[in-house]
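These are my notebook entries on a single model. I looked up strand pairing, the nonpolar core and the surroundings of selected residues.

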Amino acid sequence: KELYGQKVVGTGPFEFVERKVGSHVLYKRVEKHWRQTPSYKELEFRWVPEGVTRLANLPDGEDVELMRDALRQIGIGMREEGDALVVEGLGGPLTVREPLALFLGNSGTATRILTALLAAGNGEFTVDGVPRMRERPIRDLVDALLPIAGSTQITYGAAQGFPPLRI
């Protein structure tokens, strides 16, 4: 906890842009990243505990579809309205009663975002993907989450530092 804000965690194919306390954190994609250029141009994280959020201009692509599917599986309501996606806030913490396994293909973006989101939730989750995903390191993110995740435990299902993860 004492190093929070001082030690930078690797963000993969995204570059940190800004953080506004109580509002958001913004990242932009790294064009021609050595792995691949992400589908998302920007990632903006905002806390939306209730109500609805309207997302416009979402790109097509496997990353986006895998993220949508995973969010639906964990109980986040969403619906299409014209060219926009309407996402319904939960009005409280993310909670599942039964263990939930999420398959995220080869989407490192979805894996990292959901790992952080699920670490703040209540329940038992497994995050996994294709065999290639199991070769992509995630230890830096897990190490950064553990000191701020309260009683949440994050363990590796196979090789230390790599997916699958049990949260």
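I began with Leu 114, which touches Met 67, Ala 70, Leu 71, Ile 74 and Leu 104, not counting residues up to four places away in sequence; contact means heavy atoms within 4.5 Å. The model is predicted: local features need pLDDT of at least 70, side-chain atom pairs count only at pLDDT 80 or more, and totals for chains, interfaces and linings use all residues. Residues are numbered from 1 along each chain as its sequence is written, and side-chain values use heavy atoms, with hydrogens and water left out.

I then looked up the largest nonpolar core, which has 33 residues. A nonpolar core is a set of buried Ala, Val, Leu, Ile, Met, Phe, Trp, Tyr and Cys residues joined through side-chain atoms within 4.5 Å. Leu 114 is one of the residues with the most contacts inside this core, together with Ile 74, Leu 118, Phe 125 and Leu 165. Two or more residues each come from helix 1 (62-73), strand 6, strand 7 (100-103), helix 2, strand 8 and helix 3 (139-145). Helix 2 gives the most, with five residues. Helices (H or I, at least four residues) and strands (E, at least two) are DSSP runs, numbered from the N terminus.

I noted an open sheet of three strands in the order 4-6-5, with antiparallel pairing; two strands pair if DSSP finds at least two bridges between them. Strand 4 (52-56) and strand 5 (78-81) stand at the edges with a single partner strand each, so one side of each lacks a neighbour in the sheet. Strand 4 is joined to strand 6 (residues 84-88) by five bridges, and Arg 54 has Val 86 as its bridge partner in strand 6.

I also followed strand 2 (residues 24-29), which pairs antiparallel with strand 1 (residues 14-20) over six bridges. Strand 2 pairs in the antiparallel sense with strand 3 (residues 42-46) over five bridges. His 24 is the bridge partner of Lys 20, and Arg 46 in strand 3 is the bridge partner of His 24.

I located Asn 122 in the loop between helix 2 (108-119) and strand 8 (125-128). Asn 122 touches Pro 93, Leu 94, Thr 95 and Val 96, not counting residues up to four places away in sequence. The C-alpha atoms of Asn 122 and Arg 97 are separated by 8.4 Å.

Conventions: Buried means under 20% relative accessible area, exposed over 50%, partly exposed in between (1.4 Å probe, protein chains only).
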